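The following exercises concern a structure to be examined alongside its sequence. Each task is followed by a solution in steps.

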Amino acid sequence: MRYCACMLIELGHFALILAFGIAIVQMIVPMVGAHRGNAAWMALAEPAATVQFLLTGFAFAVLTWAFVTSDFSLQLVYLNSHTDKPMIYKITGVWGNHEGSMLLWMLILTLFGACAAWFGDGLPTRLRARVLSVQASIAVAFFAFVLFTSNPFVRLEVPPLNGRDLNPLLQDPGLAFHPPFLYLGYVGLSMSFSFAIAALIEGRVDAAWGRWVRPWTLAAWMFLTIGIALGSWWAYYELGWGGFWFWDPVENASFMPWLIAAALLHSAIVVEKREALKSWTILLAILAFGFSLLGAFIVRSGVLTSVHAFANDPARGMLILIILAVFLGGALTLFAFRAGKLEAKGVFSTVSRESGLILNNILLSVSCFVVFIGTIWPLVAEMLFDRTLSVGPPFFDAAFTPFMVAIAIALPFGSMLAWKRGTFERATKALAGWFVLAIACAALAYAIQSGNSALGPIGVALGVWVVGGALADLWIRSGRDTVVERLRRIARLPRADWGKATAHIGMGVTIFGIAAMTAWQQEDIRVADVGERWSVGQFEFQLDGVNQLQGPNYLTTMADISVWRGDRQVGDLHPEKRFYPVANMPTTEAAIINGVLRDIYVVVGDPQENGGWAVRIYLKPFANWIWGGAMLMALGGCFSLSDRRLRVGASSAKRSAKAVPAE
Amino acid sequence: MKRLLIIVMLLASPLWAVEPSEMLDDPVLEDRARALSQGLRCPVCRNESIDESNAILAKELRIVLRERISDGDTDRQAVDFLVARYGEYVLLRPDARGANLILWLAAPALFLIALGIGWSTIRTKRAAPAGLSDEEKAELEKILRS
């Protein structure tokens, strides 16, 4: 039995090496085949992509098996696991460390390559061969990185009896979903990159290219949205003070590709519908993946101090920097030579959807640049100006927020303008009511709130404006008829239209949630004795007791706090302070009552010298709207993706459907 | 307006590690101390303000800050006191002096440039049809009208 398990590890290792070899072949042969017009050589790409994925999948399964069975002869398992750890964290622990997470990265990278092979039937053979070849070149770089610097299959000569356990902060269901979704997003953008490079090599970008590249970008952006939202939510409940975004370098690393991908999504529509903005769209596709790689560099190298620093190493960072330089440098050089060949066709007037989308792209790109310069400025200042300084949330709040406000103001207008030549009158007429409502809601919010905060009312106004704009856009599309008939027509609108409306509504909801929670949250910090009752806002809290308990791999101090509203008990909360002896690390587990209108967030602190416990209570209004909005954005992407126009292979389906009546 | 937004954000930002025993009795002074401490970085932590941090140094700095404020320092004096000892590294909001002007002005400058490029793109797009023949123009008009 033990012998078999041993062999299995080595087989996983060999599978990874074999996948590396196949990636090299897939990088070279189809590309040469595409140049020479050799169909057999081009056709090699598809089975190669599939086999590459299966081999990587096997290696990943083997590593997971080693974690599940606590095979401490593997160094990685020894360093990051423990027999007492609950099973779910044994599994998620596979990617709760550098080597394992790189293997997950590879698994997803090869999965995307395989998907392009499986679902790319509608693509011209030559373009598909080139796309798969470029995709394989990315895989080659990262396979080399994994095998030579971050090999997860390194053995220990003498297996220890037990492991060192996983960082307790990572022992959370959040780890099960947050990294995989983020990686699906990061790596998904490699497909957009491959399409861009393949198009540059072909020297041709047309409406069809726009239609092919969009589903991949959309999928990557959707996953990134979900990944970022999950991470934000995780930080909110895990880190113990209910913040949802810290402008930490690692968060910024995921936010930059998100912003660029959002811009790319929109500009690809212009390519698809109007054959304009071609070279700009290609540039965005290159930059989006460039920022993904930059993110990988920031996370892995540790050049920027971050609260996420759990797996960094300067030497590895250097290698990722080289990968980044080669791919981004190569792509931009190719772009410089070939972009001139991409002839733009569409013409449009100053007031048009095209112009609106250009403004969208400008605002998204510049806001990405704000995040970028703020993130790297400490490095630049230290290297060039010999100043050791910090760039923190106050900078980003001040420099980033105005661009988001501008996007929110412009969005309803831009999204309603007609292609090619629009009029402001049509949009203004449709939006006037919503504008009045937005101002009225802001005034109402200002009147109700305590204090003179401008942030809350502004957030309300922008939220209503953006949501209303999306609804007005749907309404105006239904033409002129009775209300019932118009509603029926709206229900029958293409899914892409529904996707657009849903995503924009999500954006409005998130803006509102962020502003409302930031402006109106209440906090209370105090020393409470057991049995004491006190009120915060409209709620009363009572500390009923504090108990010492034992968890599977930790000790915990658990408070029992009941929450009352008048005479009615709203809930019973059990905030904890945990101690993980193996990792020798304390953590705070907040207790939260989630609500649509507010979250009640309770944290227990240390026992005080004169008796009693430090207790922190936050009332966080509309907190869940922040992530709810993000989920709506992702759902919008889902709708859009399911539109038959974008569905991969839809064109061939249409062709065969047409063929039937002809017979 | 922008300034107000920032101030509001600062005031409303969440906290973590302020302990009840450290807090000042005067709520006005305490609010000032909280707002300031959220803009000061803990020198020994990874990327946290002294308001959020659990580190002992952060706790000491919170207490020092409150002492200065209680002794009648203005916000600026209290912050300068810490900057003089720990350097501008502790400022989470870098000042807009010297090279930092690049940090603050780069994005607005880029925005203006991008607007310029965007505008000229739109103008050339608009100008393009002028080069068409009358026949093509008529067809274009037809398409535009539909």
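**Exercise 1.** How many residues does the contact take from chain A and from chain B?

*Solution.* The structure is a predicted model, in which local features need pLDDT of at least 70 and side-chain atom pairs count only at pLDDT 80 or more, while totals for chains, interfaces and linings use all residues. Residues are numbered from 1 along each chain as its sequence is written, and chains are lettered from A and ligands numbered from 1 in the order in which they are written.

Step 1. Two residues are in contact if their C-beta atoms, placed from the backbone, lie within 7 Å. The contact takes 55 residues from chain A and 45 residues from chain B.

Step 2. On the side of chain A that touches chain B, at least two residues each come from α13 (353-384), α14 (393-416), α18 (495-520), β1 (522-528) and β10 (613-621) of chain A. Helices (H or I, at least four residues) and strands (E, at least two) are DSSP runs, numbered from the N terminus. The most is given by α13(A), with 11 residues.

Step 3. By class, this side of chain A has 31 nonpolar, 17 polar and 7 charged residues. Here Ala, Val, Leu, Ile, Met, Phe, Trp, Tyr, Cys and Pro count as nonpolar, Asp, Glu, Lys and Arg as charged, and the others, Gly among them, as polar.

**Exercise 2.** Determine how α6 and α8 of chain A pack.

*Solution.* Step 1. Helix α6 (residues 98-119) and helix α8 (residues 173-202) of chain A have axes 9 Å apart and pack at an angle of about 45°. Axes are lines fitted to C-alpha atoms, for helices over the stretch in contact, and angles run from 0 to 180 degrees between N-to-C directions.

Step 1. The angle therefore makes α6(A) oblique to α8(A); angles under 35 degrees count as roughly parallel, over 145 as roughly antiparallel, 65 to 115 as roughly perpendicular and the rest as oblique.

Step 2. Residues of α6(A), including A:W105 and A:F112, meet residues of α8(A), among them A:Y183 and A:M191. By class, the contact of α6(A) with α8(A) has 12 nonpolar, 3 polar and no charged residues.

**Exercise 3.** Where in chain A is confidence lowest, and where is it highest?

Step 1. Confidence is lowest in helix α20 (residues 650-662) of chain A, at a mean of 38, and highest in helix α3 (residues 45-68) of chain A, at 95.

Key. pLDDT is the predictor's confidence in each residue, from 0 to 100.
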